[in-house]
Amino acid sequence: MHIAIAETDQDIADCFPVMSQLRPQLERDNFVAQVRALMCEHGYRLVSLKDPQIKSVMGIRIGAWLHRGKYVEIEELVTCQDQRSQGYGVQMLNWAKAYAKANGCSQVRLVSGVARERAHQFYQQHGMTFEAKYFSIDID
């Protein structure tokens, strides 16, 4: 099992089949360019777990808040549908915690859609706390 940040265009493209299970609106033809733009503009990183093929993908970035300092935000975390409940998600969470610590962050955070109850149970079973409500408004 190997977890690493996707560095090359091929590494990024190889993440698409798994990422598209969580984000079906993404298009293969634009995926690498979209990830590269997020990397440049927002410090986004795409992380994959291979065993030996890609089993899980996670999008992360480092942010900071006045009241908490630096944190790692998990923007996406998805394990291939036919590979779930085999420990890959836990490995990714553990990697994110180690990455946060190595980068001087005091917390790992994530936002999860309200309908993803199984994901919420998974996060809580692995030590994450439900601590806030997230609000948004679409701008026309």
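**Close-up 1. The hairpin between β3 and β4.** In this predicted model, a hairpin of three residues connects β3 to β4, where strands (E, at least two residues) and helices (H or I, at least four residues) are DSSP runs numbered from the N terminus. The two strands run antiparallel and are joined by ten bridges, pairing being assigned if DSSP finds at least two bridges between two strands. Within this pairing, I60 stands opposite I74 of β4. Eight of the eleven residues of β4 are buried, and the strand is therefore described as mostly covered; here buried means under 20% relative accessible area, exposed over 50%, and partly exposed in between, with a 1.4 Å probe and protein chains only.

Residue numbers start from 1 along each chain as its sequence is written, and side-chain values use heavy atoms, with hydrogens and water left out. As the model is predicted, local features need pLDDT of at least 70 and side-chain atom pairs count only at pLDDT 80 or more, whereas totals for chains, interfaces and linings use all residues.

**Close-up 2. The parallel pairing of β4 with β5.** Three bridges pair β4 with β5 in the parallel sense, and L110 in β5 is the bridge partner of I74.

**Close-up 3. Salt bridges.** Four salt bridges are found in the structure, each defined as a side-chain nitrogen of Lys or Arg within 4 Å of a carboxyl oxygen of Asp or Glu. One of them joins D9 to R36, with the closest N and O atoms 2.8 Å apart; because D9 lies in helix α1 (residues 9-22) and R36 in helix α2 (residues 28-42), the pair ties together parts that are 27 residues apart in sequence. D9 is partly exposed at 43% relative accessibility, as is R36 at 28%. Another joins E75 to R61, whose closest N and O atoms are 2.3 Å apart, and it ties together strand β4 (residues 69-79), which holds E75, and strand β3 (residues 54-65), which holds R61, the separation in sequence being 14 residues. E75 is partly exposed with a relative accessible area of 27%, and R61 is partly exposed with 24%.

**Close-up 4. The largest pocket.** The largest pocket has a volume of about 1,200 Å³, and among its 35 lining residues L110, V111, S112, F130 and A132 are the closest to its centre. A pocket is an open set of points on a 1 Å grid over the protein atoms alone, where a 1.4 Å probe fits and protein lies on both sides within 12 Å along at least five of seven lines; lining residues have an atom within 4 Å of a point. The volume is the space filled by probe spheres set on the points, which are joined across faces, edges and corners. The largest share of this lining, six residues, comes from β4.

**Close-up 5. The second largest pocket.** The second largest pocket has a volume of about 470 Å³ and is lined by 18 residues, with R84, S85, R118, A119 and F122 nearest its centre. The elements giving two or more residues to this lining are β4, α3 and α4, and α4 gives the most, with seven residues.
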